[in-house]
Amino acid sequence: MTLGKLITGAAAAALFLAAGTALAAEDAASFPSKPLDIIVTFPPGGGTDMLARLIGNYMPEAIGKTAIVENRPGASGNVGARVVKERAPDGYSLLMVNSSFAVNPGVFKTLPFDPKKDFDAIINIAYVPSVLVVPPGSPYKTLADVTAAAAKANDVSFGSCGNGTPQHLAGELFKLQAKVNMVHVPYKGCGPALNDVVGGQIGLAVITASSALPFIKAGKLRAVAVTSKERSKLMPDVPTVAEQGYPGYELTQWHGLLAPAGTPPDIKQKLYEAVAKIMRRPDVEQKLADLGYDTASDGPAVFQKMVNSDIDKFTALAQKIGLSAD
């Protein structure tokens with residue numbers, strides 16, 4: 001091959017690369033030019049679905065286009081995740097998840113995607129702690145009461161929102177730190193667990209604060225401890241697990257948006273800024289606070305680190321307790 005042909009080939013490659021870069025920049029500048037899809041990995045009506053629809057309601061104002069919310073439940077969120085993983089990394093398909101996304105790698109032997117490599121974090125929008133609740137007439141008034149009862153007998157049980165949920169792991173983490181044995185009773189969702197603890201069919205349950213709060217306010221449940229690092233603003237009189245003798249204990253459920261891996265950084269930033277703007281609205285903050293959530297606006301880099309760290313943490317915990325969903 002002659003020098004002239006080599007130069008011509010190199011020039012053509014450079015022009016192609018420059019054209020591709022310019023096109024990507026143009027796409028980012030004009031994004032979005034059509035409606036966005038937000039895939040929710042859980043059925044309608046739950047907290048994750050509610051947050052997605054809240055974002056969708058304000059997307060036209062925040063970014064100029066509507067956002068269509070679509071529920072793709074199944075396999076603890078893995079069905080919806082796979083759908084988004086196979087979408088184009090152009091910013092138009094987003095995945096609305098909670099901490100269960102980070103739990104699944106530790107409890108499923110195989111997944112139809114790589115949770116660390118197939119998705120890019122966009123924003124963490126809200127935190128919600130779990131709360132240990134008992135019926136109002138329960139003898140358990142503190143965690144010390146629970147551990148004392150568990151140490152004397154092997155019939156102390158705790159309910160959760162289901163096997164492998166953050167609430168299940170919150171209970172298991174407490175068992176490990178308290179060095180007590182309690183029997184886990186998994187329910188098919190927080191609702192059924194709430195019904196049984198309110199009705200006295202089970203003496204203790206770990207439930208999301210957003211689900212339990214109305215019952216606590218109505219006096220139908222008593223909160224023994226919250227699982228967050230600090231006390232909840234809506235339950236300031238309820239001590240944390242950590243301050244009741246278990247320093248370092250913390251397990252708070254996050255909710256956020258992911259995109260297919262390879263989504264251009266400029267588009268991810270644009271999405272982050274739009275959703276962060278929504279989360280800073282006073283009416284949104286108040287609505288979520290009333291429901292037991294703390295709003296957040298952790299960006300792509302911070303949220304990615306959080307997701308990856310929780311995957312490692314939950315995988316180690318699942319292995320320690322022998323938890324498997326397969």
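Let me begin with the term itself: a cavity is a set of grid points where a 1.4 Å probe fits but cannot get out, and its volume is the space filled by probe spheres set on those points. Please bear in mind that the model is predicted.

How many cavities of 30 Å³ or more does the structure hold? There are two.

I turn to the largest cavity. Its lining consists of T41, F42, S76, G77, N78, A81, V97, N98, S100, F101 and N104. Helix 3 (78-85), strand 3 (93-98) and helix 4 (100-107) are the elements that each give two or more residues to this lining. Which of the elements supplies the largest share? That is helix 4, with three residues. In terms of class, seven of the lining residues are polar, four are nonpolar and none is charged.

Now to the second largest cavity. Around this space we find F101, P115, F119, A121, L258, Q304 and V307. Here, two or more lining residues come from each of strand 4 (119-134) and helix 11 (300-321). Six residues of this lining are nonpolar and one is polar, with no charged residue present.

Thank you for your attention.

Notes. Residues are numbered from 1 along each chain as its sequence is written. This is a predicted model: local features need pLDDT of at least 70, side-chain atom pairs count only at pLDDT 80 or more; totals for chains, interfaces and linings use all residues. Side-chain values use heavy atoms; hydrogens and water are left out. On a 1 Å grid over the protein atoms alone, a cavity is a set of points where a 1.4 Å probe fits but cannot get out, and a pocket is an open set with protein on both sides within 12 Å along at least five of seven lines; lining residues have an atom within 4 Å of a point. Helices (H or I, at least four residues) and strands (E, at least two) are DSSP runs, numbered from the N terminus. Ala, Val, Leu, Ile, Met, Phe, Trp, Tyr, Cys and Pro count as nonpolar, Asp, Glu, Lys and Arg as charged, and the others, Gly among them, as polar.
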